[in-house]
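Subject: Handing over the structure we talked about

Dear colleague,

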Amino acid sequence: MSSFEQTLSKKTIFKNVSVLSPHYVPKELPFREQHINEIRTVLTPALRGQKPRNLIIYGKTGTGKTCCMKRVMDDFVEAIKEGSASIHYLNCRIYNSRYRIMQKLLKNHVPELEKAGFGLPFLYEKLIELASSGQQIVVILDEIDMVKDLDDLVYTLTRSNDEIRNGGVSIVGISNKLSFKDSLDPRSRSSLYETEMIFQPYTAEQLQKILAQRIEEGFEKGVVDASAINLAAAMTSQENGDARYALKLLNKAGEIAEQEGKQNVTDVDVESARKKVEIDLTAETISTLPEMHKIVLYAIGGLSLSGSRYSRLEGMQNGFLFSGEVYEEYENTCRKLRKRARSTRWYKEYLNDLEMLGLITTMPSGKGIRGQTTLIKIEPEPKGILDILRPGLFGS
Ligand code: ADP
Ligand code: MG
């Protein structure tokens with residue numbers, strides 16, 4: 001037997017692993033039919049040549065916002081009649097500024113954009129030209145809170161409607177951050193929030209059903225114990241109700257069971273999967289960070305391990321660091337890496353982004369301790385963070 005024949009003949013407990021990947025969108029999305037219908041209703045005018053109302057969808061990570069949107073988009077694209085409408089999906093973690101978003105939106109319409117950069121006024125003119133041909137342009141901004149100059153973007157997109165003759169531009173914003181609304185200036189708030197929708201976290205019972213559906217498609221029959229499903233659902237709902245987490249837990253538990261040559265996935269495998277999944281999720285988030293963010297996080301991790309220099313000050317809470325000492329450590333790390341440290345204004349932005357991604361928590365120190373400053377705490381276990389960051393920054 002060749003080595004492949006051997007591995008191929010080995011029985012596997014998976015029927016189709018890709019069903020468990022976070023990118024897979026199942027045909028049926030239980031508990032979200034109503035949401036899907038509502039989004040559809042909001043967007044329907046675009047298919048009739050009228051401008052839809054803008055929509056904001058928000059809810060915690062893993063509540064199904066992105067997959068519901070993708071489902072609606074597929075149906076929308078099918079229903080479009082000859083260029084009368086278009087729908088554009090942008091992930092704002094990647095397209096995170098007005099300029100990048102405008103550029104991406106118009107890339108298909110303006111081939112010259114591939115070759116050279118153009119100023120914003122040029123892009124704006126092109127957007128108006130495109131819509132004025134009678135097109136309803138729907139822009140989906142997923143993770144909209146990651147856009148740096150969001151107020152400017154909202155202003156530009158909504159204002160374009162005053163100049164467009166036949167068509168229109170409308171926005172669907174999706175945010176994981178519940179407090180996102182407060183950070184907008186009042187004018188963009190009122191334009192964006194023409195309609196709003198909330199996705200609630202899944203309960204343990206709902207997660208069970210979602211998992212059961214994937215198990216049927218992803219695993220061989222009868223392989224996953226009912227108690228393992230219940231445990232994965234219970235752990236997830238305790239944690240955050242994030243369906244992505246539940247699916248990863250299940251996938252990892254399956255891998256562990258298979259590696260150990262078992263025929264079934266049990267509670268024990270789910271337990272062992274838990275820790276691995278947490279590390280994986282953090283590593284994934286970190287891998288998408290730009291370099292300066294990584295260096296700041298590295299500084300926070302390092303200081304957290306050695307402990308704040310001021311930890312013995314009165315009123316200093318456990319595990320928190322002073323913003324000033326972190327900045328100094330960041331400068332030190334930059335020096336070691338022969339990079340130029342950015343100013344404190346940028347540094348504050350980095351802290352903001354890291355907090356948004358759940359990697360750190362910050363809070364104002366209150367009066368008394370060294371005047372007013374910001375206190376910073378790392379969320380995941382610092383040693384793990386340093387292990388993830390070190391190879392990318394310093395080489396292995
Ligand atoms: P969000 O965008 O709110 O963070 P996603 O839409 O990315 O969440 O969903 C996270 C994962 O959970 C995806 O893999 C998705 O397929 C799955 N998922 C979410 N909601 C459901 C549902 N109702 N039924 C089946 N799978 C779901
Ligand atoms: Mg999403």
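What follows is a description of what was found, beginning with the whole chain and ending with single residues.

Please keep in mind throughout that this is a predicted model. The protein chain holds 15 helices and 8 strands, and its C-alpha trace spans about 60 × 60 × 45 Å along the principal axes. Of its 396 residues, 45% count as buried. If you take the contacts between residues at least 6 apart in sequence, you will find that 73% of them join residues at least 24 apart.

Two packed helices are described by the angle between their axes and the distance between the axes. For helix α9, which covers residues 226-239, and helix α10, which covers residues 243-259, the angle is about 145° and the axes are 9 Å apart. The crossing of α9 and α10 is right-handed. On the α9 side the contact is made by Ala232, Met235, Thr236 and Glu239, which meet Tyr245, Ala246 and Leu249 of α10. Sorted by type, the residues of this contact comprise 5 nonpolar, 1 polar and 1 charged.

The aromatic rings come next, and the count of aromatic pairs is 8. One of them is formed by Phe118 and Phe122, whose rings are stacked, with 4.2 Å from centre to centre and 20° between the planes. Are these two residues buried, exposed or partly exposed? Phe118 counts as partly exposed because its relative accessibility is 26%, and Phe122 likewise counts as partly exposed because its value is 27%. Elsewhere, ring pairs link Tyr327, Tyr330 and Tyr347 into a cluster.

Finally, you might look for Pro45, which has its place in helix α2, residues 33-47. Pro45 counts as buried because its relative accessibility is 18%, and the cut-off for buried is under 20%. Apart from its neighbours within four places in sequence, Pro45 is in contact with Gln50, Lys51 and Pro52. Asn264, by contrast, is 219 residues from Pro45 in sequence and 50 Å from Pro45 in space, taken from C-alpha to C-alpha.

Methods: Residues are numbered from 1 along each chain as its sequence is written. Chains are lettered from A and ligands numbered from 1 in the order in which they are written. This is a predicted model: local features need pLDDT of at least 70, side-chain atom pairs count only at pLDDT 80 or more; totals for chains, interfaces and linings use all residues. Side-chain values use heavy atoms; hydrogens and water are left out. Axes are lines fitted to C-alpha atoms, for helices over the stretch in contact, and angles run from 0 to 180 degrees between N-to-C directions. Helices (H or I, at least four residues) and strands (E, at least two) are DSSP runs, numbered from the N terminus. A crossing is left-handed if the near helix is turned anticlockwise from the far one by less than a right angle, and right-handed if clockwise. Contact means heavy atoms within 4.5 Å. Ala, Val, Leu, Ile, Met, Phe, Trp, Tyr, Cys and Pro count as nonpolar, Asp, Glu, Lys and Arg as charged, and the others, Gly among them, as polar. Rings of Phe, Tyr and Trp (its six-membered ring) pair if their centres lie within 6.5 Å; planes under 30 degrees apart count as stacked, over 60 as edge-to-face and the rest as tilted. Buried means under 20% relative accessible area, exposed over 50%, partly exposed in between (1.4 Å probe, protein chains only).
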